[in-house]
Amino acid sequence: MKFTKLIKLEIFKYKDNSLVQMLLLFFTILMPTAIFVMKNMQIPMLPGANSYFSFPQVWEYQAYSGSWLSFFFLGYLGVYIITSEIQFKTMRQNIINGMSRMDFFKGKIYIAILVSLYATLLFFVSTAIIGLLHQDAFDLAEIFEKQYYVVPRFFLLTFAYMVFGMMIAYLIKKPGLSMFFYFSYILFIEPLFRWWLHIKVLGQSKAIFYYPMNAIEDLAPLPLYKYAQNFSPKKDFFMLLSYSEATIISIISVIAFIAISYYFFSKRDI
Amino acid sequence: MDTILNIRNLSKNYGRIKALDNLNLEVKRGNIYGILGPNGSGKTTTLGIILSILKADSGNFEWFGGQFGSNPRKKIGAILETPNFYPYKTGIDNLKIVAKIKGIKDFDFDEVMRLVNLEHRKLSKFRTYSLGMKQRLAIAATMIGNPEVVIFDEPTNGLDPKGIAEVRHILKRVSESGRSVIMASHILDEVEKICSHVAIIKNGKLLSTGMVGELLSDNYLIEIGAFNKEKLEQFLDDFEHLNKTRFMNDYWICTVDKNTPVESISNKAFNAGLILSHYIVRKQSLEEEFLTITKN
């Protein structure tokens with residue numbers, strides 16, 4: 001099936017689904033508003049709260065708060081759009097009705113791309129509005145100062161969470177268990193494994209950062225980490241991957257997630 | 001008559017359980033083909049493989065002689081096990097999804113909803129349908145795109161008598177429409193009435209196949225009862241070419257080898273001093289044939 005037919009079909013499938021509507025609605029409401037939680041925060045030695053909302057910093061803070069929303073709402077959406085098809089047995093019925101496995105798989109990837117594009121657009125527009133409201137004069141150079149790649153990085157981050165959620169769903173199949181594993185892996189399993197392997201067993205090295213979820217998180221890290229890095233007396237001290245490292249590892253991870261998903265989906269009974 | 005489905009040496013294991021064991025089947029265009037078998041015999045596995053949702057361990061199958069390439073399922077309408085639709089969407093929206101997948105642009109959804117008597121509920125969400133309505137919607141979905149073959153797996157499973165009667169009526173209409181039909185069912189009476197051909201499988205193996213008439217004409221059945229039950233049992237045990245299959249309340253049902261003249265049985269009983277209280281010679285029903293074949 002063609003790209004447009006597949007995307008129309010996927011939109012038609014989900015447009016009446018209340019859970020999908022709720023996840024997107026929460027994301028849409030929280031994306032421009034979540035950053036205002038920081039308004040009342042005042043951390044010693046760090047810039048004042050209002051600087052969070054000014055260009056160019058607002059891009060980083062907004063990307064950071066948006067990354068949590070993408071992880072929570074859109075990553076779970078990735079899990080749901082696969083497990084719901086398994087749960088309702090519509091995945092097998094779609095195939096019986098004449099869809100090829102490849103088309104079914106592509107349809108889900110396309111919807112992840114579409115949702116990620118929407119999230120990125122919302123990120124861009126909301127950040128631009130927040131920044132402009134806190135800006136005295138309009139200066140394009142200042143608005144994007146060293147932040148040209150934050151928008152594509154945000155897209156990559158959202159897409160990565162979605163395809164990771166989809167991979168978990170393809171592998172585990174059960175809705176509750178998939179959701180539990182998705183959140184657990186990102187919040188606990190990978191960080192604990194990294195800590196155990198690289199601190200307890202192998203000894204600390206930069207390899208501790210080269211993990212998929214860590215790299216995806218470092219696409220939009222908490223900007224305060226940068227200050228911590230700057231204040232460290234050790235020259236080789238770092239808490240974050242560079243943006244280029246994080247981007248490369250994230251792209252490799254996304255390709256791996258898609259390849260693993262398709263391998264299992266195409267080989268298994270459904 | 002050209003072959004629409006050719007299954008060759010299909011095998012499938014679930015761990016140590018052999019679900020299909022070198023199964024071979026051929027379905028010709030226009031056949032109404034019933035697949036019979038006890039629970040776990042491999043009926044649904046066979047249908048799952050030919051509909052590409054299950055992977056065979058070995059063997060292969062071909063639809064329409066390869067005429068429609070690698071994805072012939074757009075020419076097939078099928079329900080496997082349960083009706084599977086999006087519960088939050090209306091009946092008609094679910095049919096639209098099927099049409100979109102099959103690439104059908106102009107389709108009269110109202111007409112097909114009328115056929116299955118669901119027109120009044122076409123805008124209700126699928127999750128609000130009764131089981132009978134769900135099954136009827138699934139039958140409606142199989143009609144989309146004017147398929148060459150329609151496949152039903154236990155179409156009356158879980159329905160109440162009214163639902164069974166409704167679905168049976170619709171199935172009859174479908175089978176009369178000239179399409180090829182493949183139907184797996186437990187309800188042998190249904191298969192006997194609707195199907196032209198039948199395959200009986202057990203433990204994943206094909207036990208018997210052919211036209212329903214052919215399958216039934218091979219053997220006769222006698223129902224035989226006598227006042228002296230012990231003597232009757234002894235007589236039946238001693239009679240060659242006669243097999244006791246079931247004891248009903250006061251008579252035995254026995255199969256008789258097709259070469260044995262059935263008239264001679266009553267004479268021999270008389271000569272053996274048996275006074276018969278019940279004696280009927282008749283052909284086997286599909287159910288009895290099925291029980292005989294699967295018992296062995």
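Author: In this predicted model, 20 residues of chain A are in contact with 22 residues of chain B. Two elements of chain A give two or more residues to that side: helix 1 (3-14) and helix 4 (90-96). Helix 4 of chain A gives the most, with six residues. By class, the side of chain A that touches chain B holds seven nonpolar, eight polar and five charged residues.

Now go into chain A. Take helix 8 of chain A (residues 175-201) as one partner. The axes of helix 3 and helix 8 of chain A come within 9 Å. They cross at roughly 155°. An angle over 145 degrees counts as roughly antiparallel, and therefore helix 3 and helix 8 of chain A are roughly antiparallel to each other. Their crossing is right-handed.

Which residues make this contact? From helix 3 of chain A come A:Phe71, A:Gly75, A:Tyr76, A:Val79, A:Thr83 and A:Gln87. Helix 8 of chain A answers with A:Pro175, A:Ser178, A:Met179, A:Tyr182 and A:Ile186. Sorted by class, the residues of this contact are seven nonpolar and four polar, with no charged residue.

The other partner is helix 5 of chain A (residues 101-133). Its axis and that of helix 3 of chain A come within 10 Å and cross at roughly 155°. Helix 3 and helix 5 of chain A are therefore roughly antiparallel to each other. This crossing, too, is right-handed.

The residue list for helix 3 and helix 5 of chain A is as follows. Helix 3 of chain A brings A:Val58, A:Trp59, A:Gln62, A:Ala63, A:Gly66, A:Ser70, A:Leu74, A:Leu77, A:Gly78, A:Ile81 and A:Ile82. They meet A:Lys108, A:Ile111, A:Ala112, A:Val115, A:Ala119, A:Phe123, A:Ser126, A:Thr127, A:Ile130 and A:Gly131 in helix 5 of chain A. The division by class is 13 nonpolar, seven polar and one charged.

Chain B has 10 helices and 13 strands. Its C-alpha atoms fill a box of roughly 75 × 45 × 40 Å along the principal axes. Of its 296 residues, 40% count as buried. Take the contacts in chain B between residues at least 6 apart in sequence: 72% of them join residues at least 24 apart.

Next, the cores. The largest nonpolar core has 73 residues. Those with the most contacts inside it are B:Ile35, B:Leu137, B:Ala140, B:Ile151, B:Ile182, B:Met183 and B:Val191. Helix 4 of chain B (residues 131-143) supplies the largest share of this core, seven residues. A second, separate core has 55 residues, among them A:Leu69, A:Phe154, A:Leu156 and A:Ile168.

Leave out residues up to four places away in sequence, and B:Ile35 touches B:Lys43, B:Thr46, B:Ile182, B:Met183, B:Ala184, B:Ala199 and B:Ile201. Of these, B:Ile182 and B:Met183 are also among the residues with the most contacts inside the largest core.

Two loop residues of chain B deserve a stop. B:Ser52 lies in the loop between helix 1 (43-50) and strand 4 (58-63) of chain B. Its phi is positive, about 65°, although B:Ser52 is not a glycine. Is B:Ser52 buried or exposed? The cut-off for buried is 20 or more other C-beta atoms within 10 Å. B:Ser52 has 21 such neighbours, so it counts as buried.

B:Asn146 sits in the loop between helix 4 and strand 6 (149-153) of chain B. B:Asn146 is not a glycine either, yet has a positive phi of about 45°. Here 12 other C-beta atoms lie within 10 Å, so B:Asn146 is exposed.

Last, B:Arg168. This residue belongs to helix 5 of chain B (residues 161-176). B:Arg168 has 18 C-beta neighbours inside 10 Å and so counts as partly exposed. Beyond its neighbours within four places in sequence, B:Arg168 is in contact with B:Thr156 and B:Glu190. B:Glu154 is 14 residues from B:Arg168 along the chain, and their C-alpha atoms are separated by 11 Å.

Methods. Residues are numbered from 1 along each chain as its sequence is written. Chains are lettered from A and ligands numbered from 1 in the order in which they are written. This is a predicted model: local features need pLDDT of at least 70, side-chain atom pairs count only at pLDDT 80 or more; totals for chains, interfaces and linings use all residues. Two residues are in contact if their C-beta atoms, placed from the backbone, lie within 7 Å. Helices (H or I, at least four residues) and strands (E, at least two) are DSSP runs, numbered from the N terminus. Ala, Val, Leu, Ile, Met, Phe, Trp, Tyr, Cys and Pro count as nonpolar, Asp, Glu, Lys and Arg as charged, and the others, Gly among them, as polar. Axes are lines fitted to C-alpha atoms, for helices over the stretch in contact, and angles run from 0 to 180 degrees between N-to-C directions. Angles under 35 degrees count as roughly parallel, over 145 as roughly antiparallel, 65 to 115 as roughly perpendicular and the rest as oblique. A crossing is left-handed if the near helix is turned anticlockwise from the far one by less than a right angle, and right-handed if clockwise. A nonpolar core is a set of buried Ala, Val, Leu, Ile, Met, Phe, Trp, Tyr and Cys residues joined through C-beta atoms within 7 Å.
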